[in-house]
Amino acid sequence: MRYLTTAEVAERYRTAESTVRYWRQIKKGPRGIKVGKRVLYPEAELLRYERTLIDGRNEWGLAS
């Protein structure tokens, strides 16, 4: 399984790292896991998040 860093997630969604951190803080967007001091995002979780947006199930309250 591949894990992405906050910087890689921000690049993938063409947003700032601070936005990805904010999503995590307010419990919106893809879910990450804490490994030591780092937060990593399983690629499968990003795909699941994207699928919910595509299917119109906007469970995180983000614009689609």
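User: Which residues make up the largest nonpolar core?
Analyst: In this predicted model, the largest nonpolar core has 9 residues in all: Leu-4, Val-9, Ala-10, Val-20, Trp-23, Val-39, Tyr-41, Leu-46 and Tyr-49. Each member has to be buried, that is, under 20% relative accessible area.

User: How do I read a pair of aromatic rings?
Analyst: A pair of aromatic rings is described by two values, the distance of the centres and the angle of the planes. In this structure the count comes to 2 aromatic pairs. One of them joins Tyr-13 and Tyr-49, with 5.7 Å centre to centre and 80 degrees between the planes. That pair is edge-to-face, because an angle over 60 degrees counts as edge-to-face.

User: Where do Tyr-13 and Tyr-49 lie in the chain?
Analyst: Tyr-13 is in the loop between helix 1 and helix 2, while Tyr-49 is in helix 3. They are 36 residues apart, and the pair links distant parts of the chain. Ring pairs also bring in Trp-23, giving a cluster of Tyr-13, Trp-23 and Tyr-49.

User: Is Tyr-49 buried or exposed?
Analyst: Tyr-49 counts as buried because its relative accessibility is 3%. Tyr-13 has a relative accessible area of 22%, so Tyr-13 is partly exposed.

User: What lies 2.6 Å from the backbone oxygen of Tyr-49?
Analyst: A polar atom of the side chain of Thr-52 does. Thr-52 is found in helix 3 and counts as buried, because its relative accessibility is 2%.

User: How many salt bridges does a search of the whole structure find?
Analyst: The search finds 7 salt bridges. To read one, check the gap between a side-chain nitrogen and a carboxyl oxygen, which has to be within 4 Å. Glu-43 and Arg-12 form such a bridge, with their closest N and O atoms 3.8 Å apart. This pair links distant parts of the chain: Glu-43 is in helix 3 and Arg-12 in helix 1, 31 residues apart. Glu-43 is partly exposed at 26% relative accessibility, and Arg-12 is partly exposed at 29%.

User: Which salt bridges lie inside one helix?
Analyst: Two can be given here as examples. Arg-21 forms a salt bridge with Glu-17, the closest N and O atoms being 3.6 Å apart. These residues are 4 residues apart in helix 2, so about one helical turn separates them. Arg-21 is partly exposed at 40%, as is Glu-17 at 38%. The other example is Arg-48 with Glu-45, at 3.0 Å from N to O. Both lie in helix 3, 3 residues apart, which is about one turn of the helix. Arg-48 counts as partly exposed at 28% relative accessibility, whereas Glu-45 counts as buried at 13%.

User: Which residues do salt bridges that share partners join into one network?
Analyst: The network consists of Arg-2, Arg-12, Glu-43 and Glu-50.

User: Which residues form a nonpolar patch on the surface?
Analyst: Met-1, Tyr-3, Ile-33 and Val-35 form the patch, and together they have about 410 Å² of accessible area. Val-35 lies in strand 2 (residues 33-35). Val-35 counts as partly exposed because its relative accessibility is 43%.

Terms used
Residues numbered from 1 in each chain as written. Predicted model: local features only at pLDDT ≥ 70, side-chain atom pairs only at ≥ 80, totals over all residues. Heavy atoms only, no water. Patch = residues over 30% accessible without salt bridge, like charges linked within 9 Å, V, L, I, M, F, W, Y side chains within 5 Å. Areas by Shrake-Rupley, 256 points an atom, 1.4 Å probe, with all protein chains shown as cover. Helix = DSSP H or I, 4+ residues; strand = E, 2+ residues; numbered from the N terminus. Buried < 20%, exposed > 50% of the residue type's maximum accessible area, 1.4 Å probe, protein only. Core = buried A, V, L, I, M, F, W, Y, C linked by side-chain atoms within 4.5 Å. Polar contact = N/O pair within 3.5 Å; in protein donor to acceptor, adjacent residues only side chain to side chain. Phe/Tyr/Trp six-rings, centres within 6.5 Å; stacked < 30°, edge-to-face > 60°.
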